[in-house]
Amino acid sequence: MTALVGRSGVALGLLSALLLAAQAARAWRRPQAAGRVQLRPAVYGMVAGALTAMVALEVALLTDDFSVAYVAQNHARATPLLFTVVSAWAALEGSIVLWGLVLAGYTAAVFAGFRDGDRLGAGALAVMGAVAVFFFGLMASATDPFQVLDPAPADGPGPNALLQNHVLMAFHPPLLYLGYVGLTVPFAFAVSALALGRGGAAWLRRTRRWSLLAWAFLTAGVVLGGWWSYEVLGWGGFWAWDPVENASFMPWLVATAFIHSAAVQLHRGMLQAWNFVLVIAAFALTLLGTFLTRSGVIASVHSFTQSVVGPALLGFLLLVVAGSLTLFALRADLVATSPRPDRLVSREGALLVNNLLLGLFAFVVLTGTLYPIFVEAFSGAQVSVGRPFFDRMAAPIGLALLLGMGVGPVLPWRAARPAVVWARLRWPAVVALAAGAALVLAGVRAPSVVLVAILAAGIAAAALGRLAAAVRHQPPRRRLAAAGRALQRNPGYWGGQFAHVGVALVAVAIAVTGALGARQQVTLAAGQSAVSGPFTLTFTGVFERDEPQRLVRGARIELRRGGRLVAVLQPRLNQYPRQVQAVGTPAVWTGPAQDVYVSLTALEPGRVELQVLRHPLMWLLWAGGLVTVAGGLWALAGGRVRRRRDDTVRTELPAVPAEPTRA
Amino acid sequence: MPSRLRPSGLAGARRPPTLTGGRPLPVAAARRWLPVVVLVVLVAVVVAGLAQGRPAPRDRAEALAARLRCPDCQSISVAESDSQTAQAIRAEIGQLVADGRSDQQVLDHFVARYGRWVLLDPPPRGATLLLWVLPVAALAAGVGVLVGYRRRARSPAAPRVDTESGAGDQAGADAEAEVEIQAPTGADGWGGPPAPPGRSRRRVLAGILAGVVALAAIAFGVTRALVPRPAGGYVTGIEAAQASQASPGGRDLSKVSDAELEAVVAANPEVLDMRLALAHRYFDRRDYRKALEHYKIVLDREPHPQALAHVGWITYVLLQRADLAAELLERSLERQPGDPEALWFLGIVQLHGLKDARAAAATFTRLRDLPGLSGAERRQVDGLLRTARAAEARR
């Protein structure tokens with residue numbers, strides 16, 4: 001019954017998507033032919049269909065309906081409630097349903113801004129309808145989650161052991177999908193604009209909000225993915241340059257480049273063609289990421305399933321890339337005529353360098369990720385490309401980007417005279433180097449830490465400097481309020497500055513944990529202690545609990561600092577059915593100065609082998625991620641407080657207090 | 001900002017009085033040069049500090065471990081993993097380094113065992129040379145495009161606009177804020193004549209063509225990559241561990257429900273196949289107690305090798321009786337000598353239960369030499385074998 005309802009939802013979604021694509025294409029061709037009234041049922045039908053499918057899947061999971069194949073494969077009666085709900089997107093079929101739902105949501109939101117006669121919007125809706133046809137088509141065929149098993153098994157194996165370990169599984173995939181799928185919106189508008197032969201900035205204005213929203217979600221998804229890896233996988237790190245991680249990082253890099261280059265076009269009319277390329281690349285990379293993770297082409301933590309979905313995704317990816325690039329080529333004469341910058345030392349010059357660096361970064365990650373596949377394909381040999389390669393490539397690019405984040409935002413548009421650059425940068429440079437000198441004098445001698453700290457302090461000081469310049473003419477007691485107004489008057493610029501500070505914090509955390517972290521392996525008998533930095537870890541005993549879905553064994557480790565008990569850590573081993581090696585769950589204690597991270601290597605009554613890691617300033621990584629996301633959201637909505645209905649895009653400029661607000 | 005950071009004593013220097021006859025006041029000069037001096041001093045401090053306190057070079061063994069891939073993990077190095085294989089490899093690296101082997105010799109040692117796959121850091125030669133060339137080429141191309149992009153912009157027609165009016169301290173410094181796009185569709189009015197459409201279009205078309213060819217190559221490559229791997233096969237990863245656990249024998253996965261099977265088995269107590277299928281099903285689900293009930297009945301009638309092996313495993317996992325488990329597994333192997341599952345279980349029991357690393361190593365060697373193991377399974381077994389040997393060496 002539930003399967004039937006779910007399948008009806010998928011069918012409704014598929015038909016509605018077809019209808020939407022057809023009707024919107026009509027409205028795009030001849031605005032008189034179709035309008036809101038004609039499109040509305042299709043959009044509503046898509047939302048209703050996707051919602052029905054998702055709810056049906058959840059109901060099937062919650063009611064232990066093992067006649068549904070997806071439930072039989074990814075659920076067990078003993079699975080706890082939270083992970084039952086989460087199972088809906090823990091495997092391939094369900095994740096496609098989630099994708100469809102998110103896409104339907106974005107489509108409805110785009111439709112809300114659609115008015116009769118709006119050809120650009122109609123074209124975008126047609127593209128979104130076509131993309132939805134593909135995903136609903138997948139749900140109806142290759143990744144049908146509602147296949148019926150008859151007779152139904154009495155129980156199932158439960159979700160993948162690694163996926164029922166942490167509450168972050170409830171947030172990380174949906175946020176990532178909100179980011180991935182959100183990039184469909186600017187892509188759809190770009191294709192529509194290309195098809196219309198309109199190379200201007202109208203599509204950028206229309207999609208600015210969506211690009212920022214998708215970017216913020218993607219950022220949150222990537223950061224939470226790192227956090228999940230840190231809290232669950234137990235090897236002590238948060239980023240392994242695993243293909244699955246890279247698959248989420250590449251669209252992020254390109255989307256970041258797009259946000260910046262869109263600002264250049266909105267401001268100076270440049271980079272028209274480049275923006276189309278970037279937005280097509282960002283969308284294609286989300287599809288590539290899905291292909292890499294879901295086809296099993298690279299085995300990885302997330303590639304739980306292999307199915308015919310691989311070729312389907314690859315085909316769609318090639319279709320999208322070839323199709324949109326062909327369209328781009330046909331319209332090249334209309335978009336390749338934008339002006340060029342007068343000087344490289346200017347805001348637009350800095351943004352060009354930003355695009356170069358981010359593009360290069362994405363290219364390096366793409367090459368490193370795909371290279372083993374190609375070598376294996378053409379020579380049959382298996383090679384690895386791992387952390388040493390990526391770290392070596394990422395470090396210089398990352399440092400250059402940090403430098404750009406400090407310098408770029410203070411440069412004026414068009415041309416920056418040396419005197420102006422010096423006037424705006426001298427005090428931030430002093431602050432930055434003072435931070436570096438303070439660290440050196442405090443005894444920190446790791447070059448990476450000092451360098452990143454200098455750059456990060458410079459970024460923060462430069463941003464504060466611009467804010468101070470904006471309120472300079474106010475009497476001192478009104479400056480705070482004036483600063484608030486300045487932030488609201490130009491949310492794009494200041495949101496960007498927030499995001500830069502967030503990224504700088506993340507960079508500091510990465511450098512500090514990488515250079516100053518400590519790792520040791522200890523073996524303790526009951527009652528014995530080990531010393532790690534300022535901490536003493538005492539093994540007091542083992543515990544065992546038989547949970548419905550697993551057997552949990554763990555050790556109790558008392559963490560003391562200066563004789564005072566700060567925490568009792570409980571690293572565990574979870575024995576799931578028929579796995580020789582148990583799945584470990586580390587115990588993490590987060591302090592203001594550092595994290596203590598303990599994972600079990602071996603556990604016997606009266607003796608444990610532990611891996612003990614200390615990560616200084618680890619919380620800064622998550623906090624920096626949060627600040628970055630907040631920056632994106634501020635850019636998106638910060639100005640709402642002041643302007644009510646405003647469809648035009650606020651350009652990214654430093655605020656001038658005396659100037660009246662521009663609408 | 002600068003005005004806020006400036007020492008208050010210097011604030012009056014903004015409007016220099018001309019009492020000194022046009023000569024800048026010493027205060028003004030000081031104000032001007034202060035940041036320069038401070039910057040120079042700070043740079044000196046940082047550079048001196050960093051140069052003085054060279055951080056201790058990383059332990060050679062650790063650095064080598066970071067360059068080797070952990071064979072039974074996911075994308076992480078031997079240095080980062082706490083798996084038993086990784087520990088064994090770390091111990092071995094330590095030994096090799098202590099023996100005075102060079103870095104390259106140590107790496108070669110592991111390449112000889114695992115293949116080039118084990119190197120996380122692909123060497124800039126042979127098949128992985130391109131990996132190092134491509135980013136550099138991309139950077140060069142990008143810089144070239146950027147520089148060319150700017151240079152061509154310097155047409156005499158394009159008016160050079162300096163929006164900055166003098167020093168940055170001026171209020172009008174932000175006059176750049178006036179710039180804004182007006183025409184919604186448009187790129188017109190931005191100075192400079194539009195590029196001749198034909199030429200740019202041809203260039204773009206050529207680029208697209210190259211892109212499509214590259215894509216076709218990618219598609220071809222990926223499909224080739226997909227073909228040789230058996231269904232359910234993995235290059236590496238945690239799945240490899242799971243895959244090697246998953247029913248080497250290929251089990252009867254009939255779609256009859258447990259309850260029905262129970263009923264059938266109860267009605268026909270002598271039909272052992274059915275009972276075995278049911279017991280396997282419970283076993284797969286780690287429902288060991290129920291599985292044990294049925295296996296016992298089977299074993300009462302016939303010493304079925306697989307039932308013996310599974311009961312042995314249950315004995316180890318549930319009752320922690322390694323000795324008894326090993327005995328049962330040995331009996332299973334007597335009846336069916338080349339059963340990979342039983343060998344696997346036996347090796348684990350010997351290694352972790354009996355602490356008999358020598359016997360475990362022998363068992364894993366037998367298992368490894370079996371034909372028909374997949375690459376991933378063999379790697380798993382190799383990992384276990386090394387763990388066993390390392391444990392043996394420790395004793």
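Helices, of type H or I and at least four residues long, and strands, E and at least two, are DSSP runs numbered from the N terminus. With that in hand, here are some exercises on this predicted model.

**Exercise 1. Secondary structure and burial in chain B**

Task: How many helices and strands does chain B have, and what share of its residues count as buried?

Solution. Start with the elements: chain B holds 16 helices and zero strands. Next, turn to burial, where the cut-off is under 20% relative accessible area. Of the 395 residues in chain B, 42% count as buried. Finally, look at how the chain folds back on itself: among contacts between residues at least 6 apart in sequence, 48% join residues at least 24 apart.

**Exercise 2. Confidence**

Task: Find which stretches of chains A and B have a pLDDT below 50.

Solution. Begin with the complex, for which the predictor gives an ipTM of 0.83 and a pTM of 0.76. Then take the chains in turn. Chain A has a mean pLDDT of 87, with 93% of its residues reaching 70 or more. Within chain A, residues 300-306 fall below 50, and this stretch has 34 contacts in the model beyond near neighbours in sequence. Residues 641-663 of chain A also stay under 50, with 66 contacts beyond four places in sequence.

Chain B averages 70, and 68% of its residues score at least 70. In chain B, pLDDT stays under 50 over residues 153-199, a stretch with 88 contacts beyond four places in sequence. It is also below 50 over residues 226-254 of chain B, where the model has 56 contacts beyond near neighbours in sequence. A word of care to finish: where pLDDT is low, the predicted coordinates should not be read in detail.

**Exercise 3. A helix pair in chain A**

Task: Describe how helix α7 of chain A packs against helix α9 of chain A.

Solution. First, the geometry: α7(A), residues 172-182, and α9(A), residues 202-233, pack at an angle of about 145 degrees, with their axes 7 Å apart. Second, the handedness: α7(A) passes α9(A) in a left-handed crossing. Third, the residues: α7(A) brings A:His172, A:Leu175, A:Leu176, A:Leu178, A:Gly179, A:Tyr180 and A:Gly182 to the contact, and among those they meet in α9(A) are A:Phe217, A:Leu218, A:Val222 and A:Leu224.

**Exercise 4. Nonpolar cores**

Task: Which residues touch the most other members of the largest nonpolar core?

Solution. The largest core has 197 residues, and A:Phe135, A:Trp203 and A:Phe361 touch the most other members. By element, α9(A) gives the most to this core, with 16 residues. Now zoom in on A:Phe361: leaving aside its neighbours within four places in sequence, A:Phe361 is in contact with A:Trp241, A:Phe249, A:Leu253, A:Ala394, A:Ile397 and A:Leu401. A second, separate core has 44 residues, including B:Ile314, B:Ala342, B:Leu343 and B:Leu385.

**Exercise 5. Backbone details**

Task: Where do A:Pro151, A:Trp241 and B:Lys355 lie?

Solution. Take the proline first. A:Pro151 lies in the loop between α6 (119-140) and α7 of chain A, and a cis peptide bond with omega of about -5 degrees joins A:Asp150 to A:Pro151.

Next, A:Trp241 sits in the loop between α9 and α10 (243-268) of chain A. Its phi is near 55 degrees, a positive value in a residue other than glycine. A:Trp241 counts as buried because its relative accessibility is 9%.

B:Lys355 also has a positive phi, about 60 degrees, although it is not a glycine. B:Lys355 lies in the loop between α14 (340-353) and α15 (357-368) of chain B, and counts as partly exposed because its relative accessibility is 38%.

**Exercise 6. Buried or partly exposed?**

Task: Decide whether B:Arg69 and B:Glu62 are buried or partly exposed.

Solution. B:Arg69, in the loop between α3 (60-65) and α4 (84-98) of chain B, has 9% relative accessibility and therefore counts as buried. B:Glu62 lies in helix α3 of chain B; its relative accessible area is 40%, so B:Glu62 is partly exposed.

Conventions
Residues are numbered from 1 along each chain as its sequence is written. Chains are lettered from A and ligands numbered from 1 in the order in which they are written. This is a predicted model: local features need pLDDT of at least 70, side-chain atom pairs count only at pLDDT 80 or more; totals for chains, interfaces and linings use all residues. Side-chain values use heavy atoms; hydrogens and water are left out. Axes are lines fitted to C-alpha atoms, for helices over the stretch in contact, and angles run from 0 to 180 degrees between N-to-C directions. A crossing is left-handed if the near helix is turned anticlockwise from the far one by less than a right angle, and right-handed if clockwise. Contact means heavy atoms within 4.5 Å. pLDDT is the predictor's confidence in each residue, from 0 to 100. A nonpolar core is a set of buried Ala, Val, Leu, Ile, Met, Phe, Trp, Tyr and Cys residues joined through side-chain atoms within 4.5 Å. Buried means under 20% relative accessible area, exposed over 50%, partly exposed in between (1.4 Å probe, protein chains only).
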